[in-house]
Amino acid sequence: MAIFLKPHGNSASEKFLRIIGMVVVLGIVAWAFWTNNQSTLEKIQARNSLWDQTKVLSKSERNFVQGFIRSMRNEFGVQVKIHILTDHIAPKQAEPKELYIKLSPAFEEVDMQFPGLVRHALGSKFISELKKNYFTENFSDDKWPTALMTSLSMIWERLAKVESDQSVIPVYSESDSGNEDKNMTDPESAGFKE
């Protein structure tokens, strides 16, 4: 069964305009469908990425955290999950490309798991400072939502700074081919000296 859409018109130009009109209407419908699906997908991802059992975060704080989650996914390709629990934190291994932050304000517990490259970019001193010292001072005063947002800002600023500080790998010409072994660096590890 074939469907033929033949526009009716008195002249060739009227038929042409009707065809163009149908194409425009179909394009608008396809764009609206795409936009709706993107919006629905973002809502689902946001719901799964931020889980607040305490229900303490205000709407503006939730929007800030969800903006951080979206930005990390879009800018650095890192999935972020933030769980705020009312119970003790149970040990759970995060996915390889997942930044996983678990807070238990009632028991003053924090667990942060960073993917390898993010951990390397932030540095072990910075991460241990966040885990051990930063939140413990703010749990007793119930200022942990502010501490959470500040720590997310600090993580973002540190990663953005690392990204902007990346050195450019030198380009070698054919005249350097004799010194190839001495001067060539591995492009996978050139930006990160261990």
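Predicted model: local features only at pLDDT ≥ 70, side-chain atom pairs only at ≥ 80, totals over all residues.

A: Residues are numbered from 1 along each chain as its sequence is written, and side-chain values use heavy atoms, with hydrogens and water left out.

Q: Okay, how do S1 and S2 pair, parallel or antiparallel?
A: Strand S1 (residues 50–52) and strand S2 (residues 79–84) are parallel, with three bridges between them; strands here are DSSP runs of E with at least two residues, helices are runs of H or I with at least four, both numbered from the N terminus, and two strands pair if DSSP finds at least two bridges between them.

Q: And which residue does Trp-51 stand opposite?
A: Trp-51 faces His-83 in S2, and His-83 in turn has Lys-102 as its bridge partner in S3.

Q: How many bridges join S2 to S3?
A: There are six, and S3, which covers residues 98–104, runs parallel to S2. On its other pairing, S3 meets strand S4 (residues 109–113) in the antiparallel sense over five bridges. Ile-101 of S3 stands opposite Ile-82 and also opposite Met-112 in S4.

Q: Why is S3 said to be largely enclosed?
A: Because seven of its seven residues are buried, S3 is largely enclosed by the rest of the structure, where buried means under 20% relative accessible area, exposed means over 50%, and partly exposed lies in between, using a 1.4 Å probe and protein chains only.

Q: Switching topic, where does Glu-61 lie?
A: Glu-61 is in helix H2, which spans residues 59–76. Although Glu-61 is buried, it has no salt bridge, and the nearest side chain of opposite charge, Arg-62, is 8.8 Å away. A salt bridge needs a side-chain nitrogen of Lys or Arg within 4 Å of a carboxyl oxygen of Asp or Glu, and for charge, Lys and Arg count as positive and Asp and Glu as negative, with His and the chain ends not counted.

Q: So what does its side chain reach at 2.8 Å?
A: The side chain of Glu-61 reaches the backbone nitrogen of Ser-58 at that distance of 2.8 Å.

Q: Last one: is Trp-144 buried or exposed?
A: Trp-144, found in helix H6 (residues 144–164), is buried, with a relative accessible area of 3%.

How values were computed
Polar contact = N/O pair within 3.5 Å; in protein donor to acceptor, adjacent residues only side chain to side chain.
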